[in-house]
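Have the model open and follow along.

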Amino acid sequence: MSNDLANAVDRSAFFVGGDWVPPAGTERVDVLEAATGTAFGSAALAGPADVDAAVAAAGDALHGPWGATTGAERATVMRRLAAALKTRAKDTAALVSRENGMPRSLSIGANGFSPPLMLDYYAGLAEGLDADDVRSGMLARVRVRRGPVGVVAAVTPWNYPQALAAMKIAPALAAGCTVVLKAAPETALDAYVWADAALEAGLPPGVLNIVPGGREAGAHLVAHPGVDKVAFTGSTAAGRAIGEVCGRLLRPVTLELGGKSAALLAEDADLDAFLTALPEVSLANNGQTCHACTRILAPRGRYDEIVDAITDTVRSLPVGDPLDKQTRIGPLVSAAQRDRVLGLVTAGRDAGGRVTTGGAVPAGQERGWFVEPTVFAGVDNDSAIAREEVFGPVLCVLPYDDTDDAVRIANDSEYGLGGTVWTTDLDRGQAIADRIRSGTVGINHYALDVLGPFGGVKASGLGRELGPEGLAPYVDLKSVYLTPESR
Ligand code: NAD
(Lines give C-alpha, C1' and ligand atoms only; values in the text may rest on other atoms or scores of the structure.)
Protein backbone atom coordinates (compact mmCIF):
# COMPACT_ATOMS: atom_id res chain seq x y z
CA MET A 1 0.00 0.00 0.00
CA SER A 2 1.27 3.44 -0.89
CA ASN A 3 2.77 5.63 1.77
CA ASP A 4 3.09 8.55 -0.62
CA LEU A 5 0.95 11.40 0.64
CA ALA A 6 0.51 12.68 -2.89
CA ASN A 7 -1.56 9.54 -3.49
CA ALA A 8 -3.15 9.54 -0.10
CA VAL A 9 -6.08 11.87 -0.52
CA ASP A 10 -8.53 9.09 -1.26
CA ARG A 11 -8.70 6.68 1.65
CA SER A 12 -11.27 3.98 1.06
CA ALA A 13 -10.12 1.35 3.53
CA PHE A 14 -9.64 1.34 7.29
CA PHE A 15 -6.43 0.28 8.98
CA VAL A 16 -7.40 -2.72 11.09
CA GLY A 17 -5.29 -5.64 12.26
CA GLY A 18 -2.27 -4.33 10.36
CA ASP A 19 -4.07 -4.41 7.04
CA TRP A 20 -6.28 -2.28 4.82
CA VAL A 21 -9.84 -3.41 5.38
CA PRO A 22 -12.78 -2.30 3.21
CA PRO A 23 -15.64 -0.60 5.04
CA ALA A 24 -18.75 -2.58 5.96
CA GLY A 25 -20.99 0.32 4.89
CA THR A 26 -20.99 3.05 2.27
CA GLU A 27 -20.68 6.25 4.32
CA ARG A 28 -17.93 8.59 3.08
CA VAL A 29 -16.80 12.13 3.68
CA ASP A 30 -15.42 14.63 1.20
CA VAL A 31 -12.47 16.30 2.87
CA LEU A 32 -12.63 20.00 2.04
CA GLU A 33 -9.66 22.32 1.71
CA ALA A 34 -10.27 24.93 4.42
CA ALA A 35 -8.73 27.71 2.31
CA THR A 36 -10.97 27.15 -0.71
CA GLY A 37 -13.92 25.11 0.47
CA THR A 38 -13.43 22.63 -2.35
CA ALA A 39 -13.02 18.88 -1.92
CA PHE A 40 -9.45 17.66 -2.27
CA GLY A 41 -9.92 14.13 -1.00
CA SER A 42 -12.36 11.70 0.49
CA ALA A 43 -12.44 8.95 3.06
CA ALA A 44 -14.67 6.15 4.21
CA LEU A 45 -16.39 6.71 7.55
CA ALA A 46 -16.72 3.91 10.06
CA GLY A 47 -20.00 2.40 11.15
CA PRO A 48 -20.58 0.08 14.11
CA ALA A 49 -19.36 -3.04 12.27
CA ASP A 50 -16.07 -1.32 11.36
CA VAL A 51 -15.57 -0.21 14.95
CA ASP A 52 -16.34 -3.75 16.15
CA ALA A 53 -13.68 -5.13 13.81
CA ALA A 54 -11.11 -2.61 15.01
CA VAL A 55 -11.80 -3.36 18.68
CA ALA A 56 -11.58 -7.10 17.98
CA ALA A 57 -8.21 -6.62 16.25
CA ALA A 58 -6.93 -4.54 19.16
CA GLY A 59 -8.11 -7.23 21.60
CA ASP A 60 -6.38 -9.98 19.62
CA ALA A 61 -3.15 -7.99 19.53
CA LEU A 62 -3.30 -7.35 23.27
CA HIS A 63 -3.56 -11.07 23.93
CA GLY A 64 -0.99 -11.93 21.25
CA PRO A 65 2.78 -11.38 21.21
CA TRP A 66 2.46 -7.64 21.91
CA GLY A 67 1.00 -8.42 25.33
CA ALA A 68 4.15 -10.37 26.18
CA THR A 69 6.66 -7.74 25.03
CA THR A 70 9.04 -6.05 27.41
CA GLY A 71 9.09 -2.29 27.68
CA ALA A 72 12.51 -2.32 26.03
CA GLU A 73 11.11 -4.23 23.05
CA ARG A 74 8.22 -1.82 22.72
CA ALA A 75 10.63 1.11 22.94
CA THR A 76 12.51 -0.22 19.91
CA VAL A 77 9.33 -0.40 17.82
CA MET A 78 8.18 3.00 19.04
CA ARG A 79 11.46 4.57 17.98
CA ARG A 80 11.08 3.02 14.53
CA LEU A 81 7.55 4.41 14.35
CA ALA A 82 8.87 7.83 15.40
CA ALA A 83 11.48 7.71 12.64
CA ALA A 84 8.86 6.76 10.05
CA LEU A 85 6.67 9.68 11.14
CA LYS A 86 9.64 12.03 11.09
CA THR A 87 10.39 11.32 7.45
CA ARG A 88 6.78 12.25 6.64
CA ALA A 89 6.64 15.30 8.94
CA LYS A 90 6.64 18.05 6.30
CA ASP A 91 4.01 16.33 4.16
CA THR A 92 1.89 15.57 7.19
CA ALA A 93 2.04 19.19 8.31
CA ALA A 94 0.93 20.41 4.87
CA LEU A 95 -1.86 17.84 4.70
CA VAL A 96 -3.30 18.97 8.04
CA SER A 97 -3.03 22.63 6.98
CA ARG A 98 -5.13 21.83 3.93
CA GLU A 99 -7.68 19.96 6.04
CA ASN A 100 -8.13 22.35 8.96
CA GLY A 101 -6.53 25.67 7.95
CA MET A 102 -3.66 25.61 10.46
CA PRO A 103 -0.80 27.88 9.29
CA ARG A 104 1.99 25.65 8.10
CA SER A 105 4.51 27.40 10.34
CA LEU A 106 2.58 26.00 13.32
CA SER A 107 1.60 22.71 11.73
CA ILE A 108 5.19 21.67 11.08
CA GLY A 109 5.83 21.41 14.82
CA ALA A 110 2.36 20.53 16.05
CA ASN A 111 1.52 17.91 13.44
CA GLY A 112 4.88 17.09 11.91
CA PHE A 113 7.51 16.80 14.60
CA SER A 114 5.67 16.61 17.92
CA PRO A 115 4.28 13.06 17.40
CA PRO A 116 7.74 11.51 16.88
CA LEU A 117 9.04 13.54 19.80
CA MET A 118 6.32 12.14 22.05
CA LEU A 119 6.97 8.59 20.83
CA ASP A 120 10.67 8.95 21.59
CA TYR A 121 9.92 10.39 25.03
CA TYR A 122 7.48 7.62 25.99
CA ALA A 123 9.80 4.98 24.52
CA GLY A 124 12.26 6.05 27.20
CA LEU A 125 9.60 5.65 29.88
CA ALA A 126 8.59 2.23 28.49
CA GLU A 127 12.09 0.97 29.23
CA GLY A 128 11.59 1.94 32.85
CA LEU A 129 8.47 -0.20 33.21
CA ASP A 130 10.20 -3.55 33.00
CA ALA A 131 11.54 -3.93 36.50
CA ASP A 132 8.82 -4.67 39.06
CA ASP A 133 8.95 -2.59 42.19
CA VAL A 134 9.50 -4.75 45.29
CA ARG A 135 8.68 -2.96 48.54
CA SER A 136 9.30 -3.95 52.10
CA GLY A 137 5.79 -3.78 53.45
CA MET A 138 4.61 -3.67 57.04
CA LEU A 139 3.88 -7.41 57.11
CA ALA A 140 5.87 -8.77 54.19
CA ARG A 141 7.24 -7.71 50.86
CA VAL A 142 4.96 -6.51 48.08
CA ARG A 143 5.81 -6.85 44.40
CA VAL A 144 4.12 -4.14 42.33
CA ARG A 145 3.70 -5.22 38.72
CA ARG A 146 2.90 -2.71 36.00
CA GLY A 147 1.01 -4.00 33.00
CA PRO A 148 -1.15 -2.48 30.28
CA VAL A 149 -4.67 -1.29 31.03
CA GLY A 150 -5.81 -2.99 27.82
CA VAL A 151 -7.57 -1.81 24.68
CA VAL A 152 -7.63 1.99 24.45
CA ALA A 153 -10.31 3.95 22.60
CA ALA A 154 -8.64 7.18 21.45
CA VAL A 155 -11.16 9.75 20.20
CA THR A 156 -9.65 12.92 18.75
CA PRO A 157 -10.82 16.25 17.28
CA TRP A 158 -9.72 17.99 14.10
CA ASN A 159 -7.83 20.97 15.50
CA TYR A 160 -4.42 19.42 16.32
CA PRO A 161 -5.14 15.94 14.99
CA GLN A 162 -1.61 14.53 14.95
CA ALA A 163 -0.40 15.89 18.28
CA LEU A 164 -3.60 14.91 20.08
CA ALA A 165 -3.46 11.39 18.65
CA ALA A 166 0.20 11.11 19.72
CA MET A 167 -0.63 12.24 23.27
CA LYS A 168 -2.70 9.04 23.53
CA ILE A 169 -0.93 6.58 21.24
CA ALA A 170 2.57 7.16 22.61
CA PRO A 171 1.86 6.44 26.31
CA ALA A 172 -0.55 3.64 25.36
CA LEU A 173 2.10 1.81 23.33
CA ALA A 174 4.70 2.42 26.02
CA ALA A 175 2.47 0.71 28.58
CA GLY A 176 1.78 -2.23 26.25
CA CYS A 177 -1.81 -1.26 25.42
CA THR A 178 -3.36 -1.54 21.98
CA VAL A 179 -5.29 1.32 20.41
CA VAL A 180 -8.31 2.07 18.27
CA LEU A 181 -8.02 5.64 16.98
CA LYS A 182 -11.33 7.23 16.01
CA ALA A 183 -10.25 10.33 14.12
CA ALA A 184 -12.63 13.19 13.25
CA PRO A 185 -14.10 13.23 9.72
CA GLU A 186 -12.61 16.67 8.95
CA THR A 187 -9.10 15.26 9.41
CA ALA A 188 -9.69 11.68 8.31
CA LEU A 189 -6.85 11.78 5.78
CA ASP A 190 -3.91 12.67 8.00
CA ALA A 191 -4.90 9.97 10.51
CA TYR A 192 -3.64 7.38 8.04
CA VAL A 193 -0.13 8.78 8.14
CA TRP A 194 0.06 6.74 11.35
CA ALA A 195 -0.94 3.63 9.40
CA ASP A 196 1.65 4.23 6.70
CA ALA A 197 4.31 4.79 9.33
CA ALA A 198 3.18 1.77 11.37
CA LEU A 199 3.53 -0.49 8.33
CA GLU A 200 6.99 0.86 7.59
CA ALA A 201 8.05 0.53 11.22
CA GLY A 202 6.77 -3.05 11.58
CA LEU A 203 4.33 -2.29 14.37
CA PRO A 204 2.68 -5.64 15.04
CA PRO A 205 -0.78 -6.07 13.48
CA GLY A 206 -3.68 -4.81 15.58
CA VAL A 207 -1.57 -2.73 17.97
CA LEU A 208 -2.85 0.43 16.29
CA ASN A 209 -6.14 0.49 14.38
CA ILE A 210 -7.55 3.55 12.61
CA VAL A 211 -11.23 4.11 11.90
CA PRO A 212 -12.19 7.72 11.16
CA GLY A 213 -15.86 8.34 11.74
CA GLY A 214 -18.52 10.64 13.09
CA ARG A 215 -20.03 11.08 16.52
CA GLU A 216 -22.03 7.84 16.35
CA ALA A 217 -18.91 5.82 15.60
CA GLY A 218 -17.21 7.54 18.53
CA ALA A 219 -20.11 6.78 20.85
CA HIS A 220 -20.15 3.15 19.72
CA LEU A 221 -16.43 2.84 20.39
CA VAL A 222 -16.54 4.51 23.80
CA ALA A 223 -19.26 2.14 25.05
CA HIS A 224 -17.84 -0.96 23.38
CA PRO A 225 -17.49 -3.95 25.73
CA GLY A 226 -14.07 -4.71 24.28
CA VAL A 227 -12.63 -1.35 25.33
CA ASP A 228 -10.79 -1.00 28.65
CA LYS A 229 -9.93 2.71 28.67
CA VAL A 230 -11.12 5.85 26.90
CA ALA A 231 -8.92 8.84 26.05
CA PHE A 232 -10.89 11.74 24.61
CA THR A 233 -10.06 15.22 23.39
CA GLY A 234 -12.84 17.46 22.16
CA SER A 235 -15.68 19.68 23.24
CA THR A 236 -16.95 19.89 26.78
CA ALA A 237 -20.44 18.82 25.62
CA ALA A 238 -19.10 15.60 24.07
CA GLY A 239 -16.80 15.08 27.06
CA ARG A 240 -19.75 15.21 29.44
CA ALA A 241 -21.62 12.62 27.34
CA ILE A 242 -18.56 10.35 27.24
CA GLY A 243 -17.92 10.84 30.96
CA GLU A 244 -21.47 9.74 31.73
CA VAL A 245 -21.07 6.56 29.68
CA CYS A 246 -17.72 5.75 31.25
CA GLY A 247 -19.09 6.44 34.72
CA ARG A 248 -21.90 3.96 34.16
CA LEU A 249 -19.46 1.37 32.82
CA LEU A 250 -16.84 2.16 35.50
CA ARG A 251 -14.42 2.58 32.60
CA PRO A 252 -11.31 4.73 33.14
CA VAL A 253 -11.42 7.89 31.07
CA THR A 254 -9.30 10.96 30.46
CA LEU A 255 -11.07 14.02 29.10
CA GLU A 256 -9.26 16.97 27.51
CA LEU A 257 -11.97 19.53 26.83
CA GLY A 258 -12.59 23.18 26.06
CA GLY A 259 -11.17 26.39 27.47
CA LYS A 260 -11.53 30.15 27.79
CA SER A 261 -8.19 31.08 29.24
CA ALA A 262 -6.95 34.46 30.41
CA ALA A 263 -3.78 36.41 29.62
CA LEU A 264 -3.28 38.51 32.72
CA LEU A 265 -1.24 41.63 32.00
CA ALA A 266 0.12 42.92 35.30
CA GLU A 267 0.69 46.68 35.73
CA ASP A 268 4.41 46.15 35.06
CA ALA A 269 3.91 43.90 32.00
CA ASP A 270 6.22 44.38 29.03
CA LEU A 271 3.47 45.15 26.54
CA ASP A 272 5.75 44.72 23.51
CA ALA A 273 6.70 41.23 24.66
CA PHE A 274 3.04 40.34 25.00
CA LEU A 275 2.19 41.77 21.57
CA THR A 276 4.99 39.77 19.99
CA ALA A 277 3.68 36.56 21.58
CA LEU A 278 -0.01 37.35 21.08
CA PRO A 279 -0.45 35.46 17.79
CA GLU A 280 0.83 32.26 19.43
CA VAL A 281 -0.65 32.73 22.87
CA SER A 282 -4.10 33.97 21.94
CA LEU A 283 -4.68 33.18 18.26
CA ALA A 284 -2.76 29.98 17.56
CA ASN A 285 -4.35 27.89 14.83
CA ASN A 286 -6.69 30.79 13.97
CA GLY A 287 -8.09 30.62 17.49
CA GLN A 288 -8.96 26.94 17.15
CA THR A 289 -6.83 26.07 20.15
CA CYS A 290 -8.23 24.77 23.42
CA HIS A 291 -5.72 26.63 25.62
CA ALA A 292 -5.81 29.95 23.70
CA CYS A 293 -5.78 32.98 25.99
CA THR A 294 -8.80 34.65 24.42
CA ARG A 295 -9.56 36.86 27.42
CA ILE A 296 -6.93 39.54 27.87
CA LEU A 297 -7.02 41.21 31.27
CA ALA A 298 -5.63 44.75 31.30
CA PRO A 299 -5.15 47.12 34.27
CA ARG A 300 -7.87 49.77 34.12
CA GLY A 301 -5.31 52.59 34.14
CA ARG A 302 -3.69 51.24 30.94
CA TYR A 303 -6.86 49.85 29.37
CA ASP A 304 -7.19 52.22 26.39
CA GLU A 305 -3.47 52.05 25.60
CA ILE A 306 -3.56 48.25 25.69
CA VAL A 307 -6.75 47.96 23.60
CA ASP A 308 -5.20 50.24 20.95
CA ALA A 309 -1.93 48.29 20.88
CA ILE A 310 -3.68 44.90 20.67
CA THR A 311 -5.96 46.24 17.94
CA ASP A 312 -3.00 47.43 15.87
CA THR A 313 -1.16 44.12 16.30
CA VAL A 314 -4.17 41.98 15.44
CA ARG A 315 -5.07 44.14 12.45
CA SER A 316 -1.57 43.71 11.06
CA LEU A 317 -1.60 39.89 11.05
CA PRO A 318 -1.49 38.47 7.53
CA VAL A 319 -4.63 36.44 6.81
CA GLY A 320 -4.38 33.95 3.99
CA ASP A 321 -3.47 30.57 2.60
CA PRO A 322 -2.25 28.37 5.46
CA LEU A 323 0.41 26.90 3.17
CA ASP A 324 1.95 30.35 2.67
CA LYS A 325 4.89 30.91 5.06
CA GLN A 326 3.84 34.53 5.70
CA THR A 327 0.35 33.63 6.89
CA ARG A 328 -0.38 34.09 10.59
CA ILE A 329 -4.16 33.58 10.42
CA GLY A 330 -5.58 30.90 8.14
CA PRO A 331 -9.16 29.85 7.53
CA LEU A 332 -11.38 28.02 9.99
CA VAL A 333 -11.97 24.31 9.57
CA SER A 334 -15.44 24.43 8.02
CA ALA A 335 -18.33 26.60 6.90
CA ALA A 336 -20.22 25.58 10.04
CA GLN A 337 -17.34 26.72 12.26
CA ARG A 338 -17.04 30.04 10.39
CA ASP A 339 -20.79 30.67 10.68
CA ARG A 340 -20.77 29.80 14.37
CA VAL A 341 -17.91 32.23 15.02
CA LEU A 342 -19.56 35.02 13.02
CA GLY A 343 -22.81 34.37 14.93
CA LEU A 344 -21.03 34.78 18.25
CA VAL A 345 -19.43 38.02 17.00
CA THR A 346 -22.85 39.38 16.03
CA ALA A 347 -24.27 38.39 19.42
CA GLY A 348 -21.30 40.11 21.10
CA ARG A 349 -22.00 43.32 19.16
CA ASP A 350 -25.73 43.12 19.90
CA ALA A 351 -24.89 42.82 23.59
CA GLY A 352 -23.03 46.15 23.43
CA GLY A 353 -19.48 44.97 22.73
CA ARG A 354 -17.26 47.28 20.67
CA VAL A 355 -15.37 45.58 17.84
CA THR A 356 -12.09 47.47 17.45
CA THR A 357 -10.88 45.42 14.49
CA GLY A 358 -12.19 42.54 12.41
CA GLY A 359 -15.60 41.03 12.92
CA ALA A 360 -16.33 39.90 9.36
CA VAL A 361 -15.21 37.76 6.46
CA PRO A 362 -12.10 39.47 5.04
CA ALA A 363 -12.68 41.33 1.79
CA GLY A 364 -11.67 39.24 -1.19
CA GLN A 365 -11.49 36.05 0.87
CA GLU A 366 -15.03 34.81 0.48
CA ARG A 367 -13.74 31.43 -0.76
CA GLY A 368 -12.82 29.12 2.07
CA TRP A 369 -13.75 29.66 5.68
CA PHE A 370 -11.91 32.86 6.64
CA VAL A 371 -12.82 35.19 9.51
CA GLU A 372 -10.89 38.38 10.24
CA PRO A 373 -9.01 38.32 13.53
CA THR A 374 -11.30 40.25 15.83
CA VAL A 375 -10.92 42.24 19.05
CA PHE A 376 -13.75 43.14 21.42
CA ALA A 377 -13.47 45.98 23.94
CA GLY A 378 -16.08 47.31 26.31
CA VAL A 379 -17.43 43.89 27.26
CA ASP A 380 -17.46 42.50 30.75
CA ASN A 381 -16.67 39.01 31.89
CA ASP A 382 -20.35 38.11 32.21
CA SER A 383 -21.06 38.57 28.51
CA ALA A 384 -21.40 35.51 26.29
CA ILE A 385 -18.45 36.53 24.10
CA ALA A 386 -16.22 36.50 27.22
CA ARG A 387 -17.62 33.24 28.61
CA GLU A 388 -18.16 30.93 25.68
CA GLU A 389 -15.38 29.13 23.88
CA VAL A 390 -15.54 30.78 20.43
CA PHE A 391 -12.92 28.56 18.77
CA GLY A 392 -12.06 31.22 16.23
CA PRO A 393 -9.82 34.33 16.05
CA VAL A 394 -11.82 36.42 18.51
CA LEU A 395 -10.37 38.13 21.59
CA CYS A 396 -11.90 40.16 24.43
CA VAL A 397 -9.95 42.79 26.34
CA LEU A 398 -11.32 43.16 29.88
CA PRO A 399 -10.31 45.80 32.44
CA TYR A 400 -9.45 44.99 36.07
CA ASP A 401 -8.89 47.12 39.17
CA ASP A 402 -6.09 45.39 41.08
CA THR A 403 -4.33 42.02 41.20
CA ASP A 404 -7.05 40.40 43.31
CA ASP A 405 -9.65 41.57 40.82
CA ALA A 406 -7.57 40.26 37.91
CA VAL A 407 -7.21 36.84 39.53
CA ARG A 408 -10.92 36.82 40.31
CA ILE A 409 -11.80 37.53 36.66
CA ALA A 410 -9.30 34.97 35.38
CA ASN A 411 -10.90 32.34 37.63
CA ASP A 412 -14.46 33.43 36.88
CA SER A 413 -14.88 30.91 34.08
CA GLU A 414 -16.51 27.56 33.60
CA TYR A 415 -13.15 26.42 32.26
CA GLY A 416 -9.61 26.04 33.59
CA LEU A 417 -7.17 24.80 30.95
CA GLY A 418 -4.51 27.41 30.12
CA GLY A 419 -3.51 30.93 31.10
CA THR A 420 -0.61 33.33 31.04
CA VAL A 421 0.76 36.01 33.36
CA TRP A 422 2.74 38.94 31.94
CA THR A 423 5.03 40.79 34.32
CA THR A 424 8.64 41.92 34.57
CA ASP A 425 8.74 40.69 38.18
CA LEU A 426 9.16 36.92 37.79
CA ASP A 427 8.51 36.13 41.47
CA ARG A 428 5.29 38.06 41.28
CA GLY A 429 4.46 36.18 38.09
CA GLN A 430 4.84 32.85 39.86
CA ALA A 431 2.75 34.01 42.80
CA ILE A 432 -0.07 35.07 40.46
CA ALA A 433 0.26 31.88 38.38
CA ASP A 434 -0.22 29.83 41.55
CA ARG A 435 -3.53 31.59 42.19
CA ILE A 436 -4.97 30.83 38.75
CA ARG A 437 -7.29 27.83 38.84
CA SER A 438 -6.14 26.07 35.72
CA GLY A 439 -4.22 22.97 34.67
CA THR A 440 -1.45 24.98 32.97
CA VAL A 441 -0.16 28.56 33.18
CA GLY A 442 2.73 30.26 31.39
CA ILE A 443 4.75 33.21 32.61
CA ASN A 444 5.61 35.66 29.81
CA HIS A 445 4.99 32.88 27.26
CA TYR A 446 3.00 29.67 26.87
CA ALA A 447 5.04 26.66 25.84
CA LEU A 448 3.40 23.28 26.08
CA ASP A 449 6.12 20.77 26.92
CA VAL A 450 6.20 16.99 26.65
CA LEU A 451 7.61 16.87 30.19
CA GLY A 452 4.79 18.88 31.77
CA PRO A 453 1.43 17.23 32.49
CA PHE A 454 -1.24 18.91 30.36
CA GLY A 455 -4.95 19.03 31.11
CA GLY A 456 -7.71 21.01 32.69
CA VAL A 457 -9.80 21.54 35.78
CA LYS A 458 -13.52 22.32 36.01
CA ALA A 459 -15.24 21.97 32.61
CA SER A 460 -11.86 21.68 30.86
CA GLY A 461 -11.54 18.03 31.70
CA LEU A 462 -10.38 15.18 33.86
CA GLY A 463 -6.87 13.77 34.10
CA ARG A 464 -3.62 14.72 32.43
CA GLU A 465 -1.68 13.88 29.29
CA LEU A 466 2.09 14.29 28.75
CA GLY A 467 4.89 13.94 31.24
CA PRO A 468 5.31 10.78 33.32
CA GLU A 469 1.82 11.49 34.67
CA GLY A 470 0.47 10.98 31.14
CA LEU A 471 1.68 7.37 31.20
CA ALA A 472 -0.09 6.44 34.45
CA PRO A 473 -3.64 6.15 33.01
CA TYR A 474 -2.41 3.42 30.64
CA VAL A 475 -0.66 1.37 33.32
CA ASP A 476 -2.49 -1.24 35.35
CA LEU A 477 -1.05 -1.89 38.81
CA LYS A 478 -1.09 -5.25 40.52
CA SER A 479 0.22 -5.79 44.04
CA VAL A 480 1.52 -9.30 44.63
CA TYR A 481 1.82 -9.94 48.38
CA LEU A 482 4.87 -12.12 48.96
CA THR A 483 5.47 -14.47 51.84
CA PRO A 484 8.81 -13.99 53.62
CA GLU A 485 10.22 -17.07 51.88
CA SER A 486 9.25 -15.91 48.34
CA ARG A 487 12.15 -14.87 46.20
P1 NAD B 1 -16.20 17.41 19.30
O2 NAD B 1 -16.38 17.13 20.74
O3 NAD B 1 -17.40 17.74 18.51
O4 NAD B 1 -15.52 16.14 18.57
C5 NAD B 1 -14.30 15.60 19.00
C6 NAD B 1 -14.25 14.14 18.61
O7 NAD B 1 -15.21 13.42 19.37
C8 NAD B 1 -14.59 13.87 17.16
O9 NAD B 1 -13.82 12.77 16.72
C10 NAD B 1 -16.07 13.50 17.22
O11 NAD B 1 -16.47 12.68 16.14
C12 NAD B 1 -16.13 12.74 18.54
N13 NAD B 1 -17.40 12.77 19.26
C14 NAD B 1 -18.29 13.79 19.34
N15 NAD B 1 -19.30 13.44 20.16
C16 NAD B 1 -19.03 12.21 20.64
C17 NAD B 1 -19.67 11.32 21.55
N18 NAD B 1 -20.82 11.64 22.15
N19 NAD B 1 -19.10 10.13 21.81
C20 NAD B 1 -17.92 9.79 21.24
N21 NAD B 1 -17.28 10.56 20.36
C22 NAD B 1 -17.81 11.77 20.07
O23 NAD B 1 -15.09 18.54 19.24
P24 NAD B 1 -14.50 19.30 17.97
O25 NAD B 1 -15.44 20.37 17.58
O26 NAD B 1 -14.09 18.32 16.94
O27 NAD B 1 -13.17 19.90 18.61
C28 NAD B 1 -13.13 21.13 19.21
C29 NAD B 1 -13.19 21.02 20.73
O30 NAD B 1 -12.09 20.24 21.21
C31 NAD B 1 -13.07 22.35 21.40
O32 NAD B 1 -14.02 22.47 22.43
C33 NAD B 1 -11.67 22.34 21.99
O34 NAD B 1 -11.48 23.18 23.07
C35 NAD B 1 -11.50 20.91 22.33
N36 NAD B 1 -10.08 20.58 22.45
C37 NAD B 1 -9.54 20.33 23.69
C38 NAD B 1 -8.19 20.06 23.82
C39 NAD B 1 -7.58 19.78 25.17
O40 NAD B 1 -6.51 19.20 25.20
N41 NAD B 1 -8.20 20.14 26.28
C42 NAD B 1 -7.38 20.04 22.71
C43 NAD B 1 -7.93 20.31 21.47
C44 NAD B 1 -9.29 20.56 21.36
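Predicted model: local features only at pLDDT ≥ 70, side-chain atom pairs only at ≥ 80, totals over all residues.

For Lys182, the distance from a side-chain N or O atom to an oxygen of the ligand is 2.7 Å.

The protein buries 90% of the 840 Å² that the ligand exposes when taken alone (Shrake-Rupley method, 1.4 Å probe).

## The shell

In total, 27 residues surround the ligand, and Thr156 and Leu257 are among the closest (a heavy atom within 4 Å counts as near). They divide into 14 nonpolar, nine polar and four charged residues, with Gly counted as polar.

Helix H7 (215–222), strand S11 (229–233) and helix H8 (236–249) each give two or more residues to this shell, and H7 gives the most, with three. Helices (H or I, at least four residues) and strands (E, at least two) are DSSP runs.

## Between two domains

Domain 1 (3–257 + 461–479) and domain 2 (262–449) both contribute to the shell, so the ligand lies between them. The bounds come from an automatic or database assignment.

## Reading notes

Residues are numbered from 1 along each chain as its sequence is written. Local features need pLDDT of at least 70 and side-chain atom pairs 80 or more, while totals for chains, interfaces and linings use all residues, and side-chain values use heavy atoms, without hydrogens and water.

Definitions and conventions. Polar contact = N/O pair within 3.5 Å; in protein donor to acceptor, adjacent residues only side chain to side chain.
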